[in-house]
Each structure stands twice: as C-alpha cells, then as structure tokens.
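The sequence and structure are shown first.

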Amino acid sequence: MTLSARNQLKAVVSGVKAGAVNNEVSLRLEKGTIITSIITAASCESLGLKEGATAYAVIKATNVMIDEDGGKLKLSARNQLRGTVKAVVEGAVNCEVEVTLDGGEGMTSIITLASAKKLMLAPGRKVIAIVKASDVMVGVEA
C-alpha cells in the first residue's frame with residue numbers, strides 16, 4: 001500500500017501500555033527519537049505490535065503543528081519534538097515546513113502562510129513539531 005501521508009517514519013516498538021479500549025504505543029525512530037501513538041487495543045493486536053517489532057509512525061503533514069522553540073505554551077500533546085527548519089515552501093494560503101528533528105529524522109508540516117510568517121519560519125530557525133498521540137497512525141509491513 002502506498003499512502004499520501006507525508007511522514008512515514010520507520011521505527012521499532014519500544015513499549016506498549018495496554019488500556020481497556022486504547023493502548024499507548026511508544027515508537028523509537030531509527031535515530032532515537034521517541035514518538036507516542038494512541039491506538040485501539042484491537043488494532044494493536046491485529047498489527048502484532050509488541051516490544052521489538054518493526055513498525056511505521058504515519059502522520060499527515062496537516063496534523064503537525066509548529067511552535068517556536070522555547071515557546072511558553074503548555075500543551076497536552078504527547079509528541080513535542082525539537083528540531084530545526086530545513087526549508088519553507090510558501091503557497092498562496094498554506095506553506096510546507098520541512099523540519100529536521102534533533103535526532104536527525106525529517107518531519108513535514110503544512111500550516112497556514114499567516115502562521116509561518118508570524119513564527120518567522122526560515123531555514124535554521126529552531127522549532128518544536130507538535131503531534132497529538134491520537135494523530136499518529138501505526139503501520140506494519142504485510
């Protein structure tokens with residue numbers, strides 16, 4: 001299967017915390033960054049997710065928010081990943097922001113042009129890529 005989601009990050013399951021309905025799955029990316037996902041227990045079982053299994057964190061670019069590094073917001077989002085802007089591609093309404101996470105992995109975000117200008121996004125700017133755990137899909141190779 002080929003997906004339209006821009007962020008398809010290969011990982012190893014580093015932990016699964018079981019819940020009555022949903023499980024918390026910790027994914028360690030190839031360069032060490034940890035991403036947390038919340039998926040149903042049934043999905044976790046059908047995918048065969050257990051510690052040591054290979055999986056992919058799949059995140060739509062529109063689900064990746066950007067904040068300035070050192071921002072003063074307190075957020076409930078589990079994934080607050082520090083990085084540096086690699087590139088900004090401006091469109092009429094939205095823009096694509098490519099971020100290199102501190103671990104070296106790439107993350108793409110689509111945000112409004114107005115927000116990018118307000119944050120003064122440009123290559124080299126330190127940022128935080130923010131993703132709710134419920135917005136992280138988990139995939140495995142069939």
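**Largest pocket**

Which residues line the largest pocket? The lining consists of Met 1, Leu 3, Gln 8, Tyr 56, Val 58, Met 137, Val 138, Gly 139, Val 140 and Glu 141. A pocket is an open set of points on a 1 Å grid over the protein atoms alone, where a 1.4 Å probe fits, with protein on both sides within 12 Å along at least five of seven lines; lining residues have an atom within 4 Å of a point. Two elements, β4 (54-59) and β10 (137-139), each give two or more residues to this lining, and β10 gives the most, with 3 residues. Strands are DSSP runs (E, at least two residues), numbered from the N terminus.

The volume of the largest pocket is about 290 Å³, taken as the space filled by probe spheres set on the points. Its lining residues divide into 7 nonpolar, 2 polar and 1 charged.

**Basis of the model**

The model is predicted: local features need pLDDT of at least 70 and side-chain atom pairs count only at pLDDT 80 or more, while totals for chains, interfaces and linings use all residues. Residues are numbered from 1 along each chain as its sequence is written, and side-chain values use heavy atoms, with hydrogens and water left out.

**Cysteines**

The structure holds 0 disulfides (pairs of cysteine sulfur atoms within 2.5 Å). Cys 44 counts as buried because its relative accessibility is 4%, and Cys 95 counts as buried at 2% (buried: under 20% relative accessible area, 1.4 Å probe, protein chains only).

**Strands β7 and β8**

Strands β7 (residues 94-101) and β8 (residues 106-112) pair in the antiparallel sense over 7 bridges; pairing requires at least two DSSP bridges. Val 97 stands opposite Ser 109 in β8. The hairpin of β7 and β8 has 4 residues between the strands, and Gly 104 there takes a positive phi near 105°.

Note on methods
Nonpolar A, V, L, I, M, F, W, Y, C, P; charged D, E, K, R; others polar. Buried < 20%, exposed > 50% of the residue type's maximum accessible area, 1.4 Å probe, protein only.
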